[in-house]
Amino acid sequence: MSAPRDRLRIAVQKSGRLAETSLDLLRRAGLSFRASRDRLFLFGDNLPIDVLLVRDDDIPGLLREGSCELGMVGRNVLDEQSLATPGVVFPKVVSTLGFGRCHLAIAVPQEMPWGSPADLEGLRIATSYPALLAAWLAREGVAAEVVTLNGSVEIAPRLGKADVICDLVSTGATLQANQLREVATVLDSEAVLARTPRALSPLLAELAERLQARIDGALSGAQVRLLMLQAPRSALADITRLLPSRQAPSVMSLDGQPDQISVQALCHRSLDWSHLEALRQVGARGLMVMAVDQVLA
Ligand code: ATP
Ligand code: MG
């Protein structure tokens, strides 16, 4: 048996829709890398964490067999593979990542009338997600024929291979270009951080938890802004009411000016000019808004 690894591995898509944002998120979590010559690995420079660059379809399997500890992959890919192989223990989702948003949808030819999923009875449905589609059809109580295709699902109706399709949609432009219209949602998806179901050594477990916390911290930093301002103490109630924040603000007295305060508040990223103007109206001065890169709760 080979010696246990002492470096954590995280798998991300090598090229495609998730690739760049996944690596960017790892950089925001404080990792820096060096590319290997074969471009399959990125060696972590500043932490014992390496990045494995692979096809997204391979990520659930790599996690399952323990070739890597963490992976960033679309929920659609993870759920399809776990439904397709029942009885196998699958990677766990530890965070949702907020990018790669799309949904798996049923789309029918523009001119086909549509009332409910029952209209699919007896039809042929082309998809690259046969297990997710079959599970949805079973839930809806509809008997239809699932035609599995690996790509170009959207042209299947025109080729006469299927009557309707079940495919990933984000903007809907591809459907429109193929004279199809979306009629039902099978799954809402986005990129997720998944973790191997295998037990980790204490060293790898500690690294995995550190990286998970940093990724969560980078994601929540993007959700908040730090607001600082000064005001007369008498304006505090008005200011607190106007702040788009969930936490109570920190309030400090100004040196030698007991009736003046300095306020610091973590606000929702929706904080904008109109909030600042309203705060100024109730007496706030010297308002400053800062981006938050890192949060460690
Ligand atoms: P790979 O070569 O890695 O197998 P791929 O062609 O299977 O790549 P991409 O098209 O890059 O995959 O999509 C990766 C993921 O991006 C999808 O599994 C899905 O989670 C997400 N995604 C977001 N929007 C869309 C969309 N409009 N169409 C397809 N996938 C989308
Ligand atoms: Mg793929």
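How far apart do the C-alpha centres of domain 1 and domain 2 lie? I began my notebook with this, keeping in mind that the model is predicted, and I found that the two centres lie 29 Å apart. Where the two domains touch, I noted that the contact takes 8 residues from domain 1 and 9 residues from domain 2.

Next I looked up how the protein is divided, and I wrote down domain 1 as 8-98 + 191-209, domain 2 as 102-189 and domain 3 as 224-291.

I then turned to ligand 1 and asked which domains its shell draws on. Domain 1 and domain 2 each give at least three residues to this shell. In total 16 residues surround ligand 1, and the closest are Arg55, Asp56, Asp57, Asn76 and Ser170.

For aspartate 57, I read a distance of 2.7 Å between an oxygen atom of ligand 1 and an N or O atom of the side chain. The side chain of asparagine 76 likewise has an N or O atom 2.7 Å from an oxygen atom of ligand 1, while for glutamine 13 the corresponding distance to a ligand oxygen is 2.8 Å. How much of the ligand does the protein cover? On its own, ligand 1 has 630 Å² of accessible area, and the protein covers 77% of this.

Last, I checked the pockets, and I recorded that the space taken by ligand 1 is the largest pocket.

Conventions. Residues numbered from 1 in each chain as written. Chains lettered and ligands numbered in written order. Predicted model: local features only at pLDDT ≥ 70, side-chain atom pairs only at ≥ 80, totals over all residues. Heavy atoms only, no water. Near = heavy atom within 4 Å. Polar contact = N/O pair within 3.5 Å; in protein donor to acceptor, adjacent residues only side chain to side chain. Areas by Shrake-Rupley, 256 points an atom, 1.4 Å probe, with all protein chains shown as cover. 1 Å grid on protein atoms, 1.4 Å probe; cavity = no way out; pocket = protein on both sides within 12 Å on 5 of 7 lines; lining within 4 Å. Sits in = over half its atoms within 2 Å of the grid points. Domains from an automatic or database assignment. Contact = heavy atoms within 4.5 Å.
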